[in-house]
Amino acid sequence: MMMKKMMSAALAAALAVGMLSVPAMADGTFKIGAIGPLTGGAANYGLGVVNGAQIAVDEINEAGGIAGAQIEYKYEDDELDSEKSVNAYNTLKDWDMQILVGSTTSGCSIAVSEKTKADNMFQLTPSGSAQDCTKYDNVFRVCFSDPNQGKASAVYIGDHQLAEKVGIIYDSSGVYSSGIEMTFEAEAANQGFEIAVKEAFTADSNTDFSSQLQKCKDAGVDLIFLPIYYTQAGTILTQAAMMGVEATFFGCDGLDGMLDMDNFNKELAEGVMLLTPFVADAEDEKTQSFVGKYQEAYGVTPNQFAADSYDAIYTIKAAIEDAGATPDMSVSDLCEAIKASMLKIEMEGLTGTITWTADGEPTKDPKAMVIRDGVYTAAE
Amino acid sequence: MKNSRGTMTKVSRDNLGTIIMLAVVFAAVSAARAAGLVNSHIDGLLVPICVYAIMAVSLNLVVGILGELSIGHAGFMCIGAFASAFFSKLTAESMGAFPRFLIAILIGGAVAGFFGFLIGIPVLRLNGDYLAIVTLAFGEIIKNLINVFYVGRDSRGLHFSIEGQMALGLEPDGEMIINGAQGITGTPFDSTFTVGFILLMISVIVVLNLTNSREGRAIMSIRDNRIAAGSVGIPVTRYKMLAFTISAVIAGFAGALYAHNLASLIATPARFGYNMSILFLVFVVLGGIGSTRGAIIAAVVLTLIPELLRFLSNYRMLIYSIILIVMMIVNWNPTSRAWIRRHITGRFRRGTGAGEEG
């Protein structure tokens, strides 16, 4: 009996060692995986990410791949849940993924980064904007961090003297919204305006904003800051118009997508300002080509998530080429090589010219946009 | 057929069977892991499976054995998760992993149990629908409350606010522990399959022993007829409280296990809301109300199915619901049950008398 047990243990150990020593990759393709919520309420974000990346992958493969090596690409759904996101990551790992683009949302990205850290896999999140997403040195991001956006918004409002009294309506149950709100408030103290009203809502109460708007109206604010997503912003604009609130509305990249909402009266969005790195109506050739392809393939206008992940794939390409990395490298060696190159490359992407710092943060200029006659135009 | 073997009753033998089943599965899975036969996808699912199995055991105690409908059990799990993660985050540097996790689990269970007791005082005087409504509200309240908690730490000590991070007035070197809606990030990774299994085993043994004791019989008599139970002198409210609190403690354990398996703990509606509570209820109902073993099996199967169906992409949602409906029908239809007993379970369990009455 004892003998049998020892035999089986020895066999098991031999098998385990055997499995470990199999080389990770030898077939000459880079395997890139993506994770995002593809079902449920946040599906728009995840679909943007996986589809945006798909377009970039197709373009690169058509043009001959990364230094001659083709990209294999696969994505998994995480249903906006950290646990499912880790499951998705493990599934992709079983597929021999070498580089991860994801997760799409902050909480999921943080949970997955703990795993990529353990495996030392290079992770580039297109849109995980919370500060902790890039806590580890193997994780970089394409989008602005939340603190960055809040600060940039406050500085922009202050510099351009857009308002003296500011009201904020934000989603206190959302990581994105509360993250921006926090740094906006902190930076506002250094700027020449005061925050007269600060009103929160939660995911459970995001359909009626009349009381928040009434408070803004009573306080006589000149500008209402909306660090929220466009679905709620659309409701706010509709209600504000009915209540006769006369203030400028100012938001961040979450407002991108508002003009494409079903049954939304675009006139309401007239004069809304937003700081965003990407708008689908931009005139440059790159954006036009991307938007054209995206619309053809998926029938909708790409949002900022799609642009971020499109940039993410090209960033990976640039970093691999810079490092001279090859597909047969182990996941960990590949990560080290790309990590070093990330600090050297300058990326001309859809979302601006981006460089990275060692803490994983991108440096790029936010563009201020204002909606005029139903289209985004650059604010001066 | 109830031919007694030795002095064991049918119930004890059935309970022992459950424990042996769990131990065998654990041994088999551990061996497969050691042999490298388990891919990382399944490997990553082992701890979540333990979490859900423990939740199923916990809720089965309230729904199946006490006979009260609780649809806010995710709330207790949420409390356990946050209490234990809070403790671990506080002592992450000052304690070793093992004692820290042990204490964290105990704290998770204790805090959840305390809330279970507190909620139980008014709630367990209610019956039926009213109890369900209040527990539902409780789960939602907990989730929303935790979303406005801001706790930070700096050299001057702990700071607490429900206003926002700014209101804490942290020094520059300060660190956020609970950051409102952003929850707790960076909880140490302490949960392992072994710990999960031990917790599951403890929960199962506690519940089975309770069921099989004087208290358990009192609890079941309340389920079967509250008025009759009261009339023979059983203190109804006391025993209800007992079962409810134990159930909350076990849910707290599950929460602690969950929190230490992921680096980000956020009280999202999808994770700790109404839908999750209903999912736990599905485990219990599908497993056969009152059957601890059935609840565990249902939890394992229903956690695995959506993951194993990943290759179907988004169709997995559709297939999952169909499987759920089919299982529900097959499991409860007398004809199909008889067929299964005759053709499948009968072969393995000849002589012990199939059926898992609670």
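## A pair in chain B

Asp224(B) is exposed, at 57% relative accessible area (exposed is over 50%, buried under 20%, partly exposed in between, with a 1.4 Å probe and protein chains only). Its side chain meets that of Arg223(B) in a salt bridge, 3.1 Å from N to O; such a bridge is a side-chain nitrogen of Lys or Arg within 4 Å of a carboxyl oxygen of Asp or Glu. Arg223(B) is partly exposed, at 26% relative accessibility.

The model is predicted: local features need pLDDT of at least 70 and side-chain atom pairs count only at pLDDT 80 or more, while totals for chains, interfaces and linings use all residues. Residues are numbered from 1 along each chain as its sequence is written, chains are lettered from A and ligands numbered from 1 in the order written, and side-chain values use heavy atoms, without hydrogens and water.

## Salt bridges in chain A

Over all chains, the count of salt bridges is 29. One of them joins the side chains of Lys93(A) and Asp119(A), at 3.1 Å from N to O. This pair links distant parts of the chain, with Lys93(A) in helix α3 and Asp119(A) in helix α4 of chain A, 26 residues apart.

Glu336(A) forms a salt bridge with Lys339(A), the closest N and O atoms being 3.2 Å apart. Glu336(A) is partly exposed at 37% relative accessibility, whereas Lys339(A) is buried at 13%.

Definitions and conventions:
Helices (H or I, at least four residues) and strands (E, at least two) are DSSP runs, numbered from the N terminus.
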